[in-house]
Every structure is written in C-alpha cells, then in structure tokens.
Amino acid sequence: MAGMNRAADLARLTSQDWDLVVIGGGISGAGVAQQAAAQGWRVLLAEQQDFAWGTSSRSSKLVHGGLRYLAQGDIATTWHSLQERQRLLREAPGLVVPQRFLLPDCAGQKPGRRLVQLGLALYDAMARTRQHRYAALPETALLAPGLAPPGLRGALLFQDAQTDDARLVLRVLHAARLAGATTLNYLAVRSVQRAPGGAQALQLQDTLTGTPYGLRVRCVVNATGVWADGLRGQRAPLLRPLRGSHLIVPLWRLPVAQSISFMHPRDGRPVFLYPWEGATLIGTTDLDHHDALGAEARITGAEVDYLLQAVNVLFPGAQLAAADVSACYAGVRPVLADGHQEASKATREHVVCDEGGFITLTGGKLTTFRPMAQDALALAAAHVGKPFVRSAAPVLAPASALPPGWSPAVRQRLQARYGSLAADWCTPAPAEALQRIAGTHTLWLELPLAARHEAVQHLDDLLLRRTRLGLLLPQGAQALLPQVRQLCAPHLDWSAARWDEETARYQALVAAHYQLPTGEQTPHA
C-alpha cells in the first residue's frame with residue numbers, strides 16, 4: 001500500500017459514510033483507529049496538528065512497566081504495562097528495544113537495597129522474566145565510568161525498553177491505513193453535535209487551506225490526550241495537565257551505555273539519563289502545567305537547573321552545564337485528576353467515558369495504547385452498530401525483507417521504522433543514501449522517504465517527528481537545511497518562496513521551544 005495521499009483522503013471525507021471518527025493523532029488515537037479498522041469498521045482519524053505533535057513525540061521514550069507505579073502500589077497499571085512491553089518487544093524489534101537500567105545503591109538511600117530488590121523480583125515475575133541482579137562497586141565502576149553519587153556502594157540492574165515515540169505512532173498509523181482507515185493530519189474538528197437518530201454531526205476544517213467539511217458519523221472517540229477536556233464542553237474536567245521536560249546532550253559529553261536512574265537529592269523524585277539515537281537524553285520533570293494548552297510547551301530555567309543538578313550529583317566529574325545542552329523539549333501529560341497533591345504520584349491509569357456516543361479516552365501511558373483502544377471501542381460498538389471483539393492479534397505486521405547485501409544495522413533500522421512497507425519504500429536505494437548522518441543514527445534515506453510517503457506538511461514535521469534531527473543536532477540541524485531541501489524538494493510541492501517560509505518558521509520554532517530559554521545557553525563549540 002502506498003503512503004499517505006492527502007488529496008485522495010480529503011476527497012473521501014464526504015463521499016462515504018463513517019462508522020467512527022477518531023479525534024487525535026497521537027498514540028491513543030492511532031491505536032483506536034488501528035484496532036477499529038482491523039475489525040472492518042470504516043474509520044477516519046483527524047489530527048488538527050501533525051501526527052504525534054503533542055505528548056506522543058515528547059515523552060521519555062520509554063516502553064516500560066513502571067517500577068515507580070509498582071512502588072506506589074499501582075499493581076494493575078504495572079501488570080498491564082509489562083504485558084504490553086513484552087508484546088511490543090516482539091512485534092517491533094529494532095523500534096522497541098531492550099534498555100538496561102542501573103540504579104545506584106547508596107548508603108542511607110531510601111528505599112533501601114533489599115526493598116528495591118523485592119520490588120524488582122516482583123517486576124520480573126509479572127513480566128515472566130529474570131533480568132535483575134546486583135552489581136558490586138567494582139563492576140558498577142566498569143558499567144558506568146564516572147558514576148559517583150555520595151555513598152555509592154554498588155548498583156541494582158534491571159531491564160525495560162525504549163523507543164522513538166513518534167516513529168511508534170507512525171508505525172501504528174501505517175498499520176491502521178493498511179487495515180483500511182483514513183488518517184489525516186492538519187484536519188481540525190471544529191464542532192461536534194448530536195444529530196437525529198443518535199448520530200454525531202461534525203464540522204471539520206482543513207487547516208492548511210481553510211476548506212470546511214461536514215460529516216455525520218455513528219460514533220466519535222475523543223483521543224486528544226491533554227486536550228480532551230476542551231472537547232467535552234462544560235462537563236467536569238477529567239485531567240490534571242503535568243509538564244515533563246527533557247535535555248539532550250551529545251553522547252561524547254556524557255557517555256553512558258545504559259539508563260541510569262536516581263532519586264533527585266532535592267525532592268526524591270526519580271530522574272534518569274540514557275543513550276538515545278546517538279545522543280544522551282536526560283529527564284524528566286513532573287510539574288503542574290498552567291500555561292494555555294493551545295501553545296507549545298517549553299522548558300523553564302528552573303527545570304534546566306533541576307535536571308543539571310541531578311546529573312552532576314550522579315557524575316560529579318562531568319560538570320555538565322547549560323552550554324553542553326544541544327536541545328530540549330517539553331510535553332504535557334494527560335494525567336487523571338485524582339486529587340493527589342504530589343504531581344509525581346498522580347495515577348497513570350486511563351479513563352474511558354461514554355457521553356452519548358461521544359467517547360473520551362484519555363490518561364494512560366505510551367506503552368498501553370492497545371488495551372486502552374480496546375476499552376474505548378468496547379463502548380463505541382453499541383453506537384456504531386457493529387460488534388467489537390477484544391483481540392490479541394498483532395498490531396504491527398512483520399517487517400518486509402531488505403537486500404542481504406545491505407549491512408545488518410541498515411536493514412534493522414529501516415525495517416524497524418517502516419515495518420511491512422520497508423521493501424516497497426526503501427528499495428532500490430543508492431549507497432550514499434544508506435549512510436548515517438554524522439552525529440546521529442539517522443540515515444540520509446529517511447528524509448526523502450518521509451517527504452514522499454508520510455504526509456509532511458511543514459518542515460518541523462520532517463525534522464522533529466518523521467526524523468529527530470532537530471533534536472539530535474545543534475540548533476535544530478541548522479547546518480543540514482540546504483541538504484534537506486535538496487533531498488526533499490522533489491517530493492514536496494513547495495515553491496522556492498514556500499521553502500524560505502518553512503525554513504524561517506522552523507528556525508523560529510526551534511529557537512522558542514527546542515533550545516534553552518534565552519540567556520541560559522551559550523554556543524557550544
């Protein structure tokens with residue numbers, strides 16, 4: 001099946017009936033669309049920004065059971081998350097990959113070593129694995145050179161998984177389309193009203209052209225994440241928006257071979273750092289977000305200081321400073337308003353509510369998108385008038401084969417990113433397109449593939465979500481923009497003036513939201 005064809009998809013909006021409209025193109029919406037389409041429903045997914053524009057491209061990139069949730073007594077969330085983690089490791093090799101975690105064991109630290117070991121044993125038992133163990137101080141020094149928090153006497157090791165969150169969303173969206181769903185970015189739902197016969201009347205608008213569309217649909221799933229309450233009108237809010245911010249530094253500046261997690265000395269919250277896509281990712285904060293949700297979130301100076309302090313306690317010899325940060329990002333999590341005063345202890349469960357055929361799905365975690373989607377569709381079935389049967393069938397089809405002459409690393413990366421579409425999209429490819437872009441794991445081939453097949457409408461779609469070059473390279477990959485234009489111009493119907501506009505727009509976006517706040521960054525050599 002070919003990639004996303006916007007003109008053809010828009011032409012279908014009013015030419016056919018829809019069983020279900022999914023609002024929101026993050027991981028939750030993608031999961032709903034895929035699960036519904038897989039059972040033969042006629043599904044439209046509408047995203048007012050870009051796919052994965054919100055929280056689903058700004059997470060901590062972890063596919064995990066949530067050891068922290070287990071410590072809080074949330075056994076159900078941990079159990080379901082661990083089952084889904086194992087499923088994704090099987091279905092998306094190379095995209096969802098094992099990630100070893102190292103927890104420093106320090107004298108006087110709470111909770112103590114024995115209690116943590118007990119928790120890890122339970123964690124492994126739930127996942128039906130045996131992957132945790134203790135490393136004495138000499139081995140810890142070999143595993144994590146430079147690690148030296150006060151009182152270090154060894155480390156506990158266990159395993160979870162990491163991913164590229166935006167690419168995971170794209171893989172699920174591709175699966176939805178292969179099953180027959182229509183998925184459109186930059187298509188906003190302006191209003192939802194009850195229509196005669198229990199249907200829903202929707203007014204949509206193509207935000208790129210301003211063209212309006214009117215639809216009637218049997219059921220709507222509101223999967224807009226942190227924006228869910230805004231579509232629910234005057235009903236009591238479900239959510240407590242929490243901001244999580246992250247720093248990215250070059251791997252050479254803070255070289256680590258696994259994730260290292262530690263309780264922040266200031267407030268006892270868990271923070272971590274780990275290698276990701278050729279850089280080192282540092283996170284995360286957990287703060288009530290009071291800014292308008294319509295604006296992109298951004299990190300604050302206080303959050304920068306908080307994260308740097310944590311790193312420098314872990315690695316006192318690193319002396320990491322703001323000048324070492326190549327990029328940062330902030331996302332707002334749709335956490336349920338459970339009345340808990342401490343943001344980091346708020347529940348990560350999800351909620352599904354049916355309000356007259358307008359079904360809201362929100363909360364939850366990246367890892368558990370599949371069972372979340374099934375919970376929503378179990379409620380939707382009565383409105384759609386079609387059965388929905390909970391299924392354990394794979395979400396993602398196996399990857400197609402690539403030429404054996406290509407290196408194993410290249411084949412694995414392209415299969416991980418494009419799955420069953422890899423062979424159709426990636427072959428043939430010239431040798432130079434299979435080379436890595438310096439300082440990253442990204443292949444040059446990924447840029448024109450995204451421009452041709454993956455509904456790129458703005459330059460930030462390409463550089464912040466289809467690829468992550470805008471996060472991995474200094475100044476949002478400013479130095480690569482001429483090459484990006486040369487490679488992608490044949491696949492994007494942009495005039496020279498449009499390219500200039502997109503470049504200026506992208507540079508302003510990066511400066512405002514993906515670089516440190518003004519006055520807190522000095523140029524990195």
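Tutor: We begin with pairing: two strands pair if DSSP finds at least two bridges between them. The model discussed here is predicted.

Student: What makes β13 and β14 a pair?

Tutor: Strand β13 (residues 270-276) is joined to β14 by 5 bridges. The definition asks for at least two bridges, and therefore the two strands count as paired. They run antiparallel, and L273 stands opposite I282 in β14. The two strands form a hairpin with 2 residues between them. In that turn, E277 has a positive phi of about 55°.

Student: How do you know that β11 also pairs with β14?

Tutor: The same criterion of at least two bridges applies. Strand β11 (residues 239-250) and β14 are connected by 5 bridges, so they pair, and their direction is antiparallel. One of the contacts places P250 as the bridge partner of A279 in β14.

Student: Why is β14 described as largely enclosed by the rest of the structure?

Tutor: Buried means under 20% relative accessible area. Of the 5 residues of β14 (residues 279-283), 5 are buried, so the strand is largely enclosed. A279, L281 and G283 point one way, whereas T280 and I282 point the other way, and all are buried.

Student: Why is G364 called partly exposed?

Tutor: Its relative accessible area is 21%. Buried requires under 20% and exposed over 50%, so G364, at 21%, falls in between and is partly exposed. G364 lies in the loop between β18 (358-363) and α10 (369-384).

Conventions. Residues are numbered from 1 along each chain as its sequence is written. This is a predicted model: local features need pLDDT of at least 70, side-chain atom pairs count only at pLDDT 80 or more; totals for chains, interfaces and linings use all residues. Side-chain values use heavy atoms; hydrogens and water are left out. Buried means under 20% relative accessible area, exposed over 50%, partly exposed in between (1.4 Å probe, protein chains only). Helices (H or I, at least four residues) and strands (E, at least two) are DSSP runs, numbered from the N terminus.
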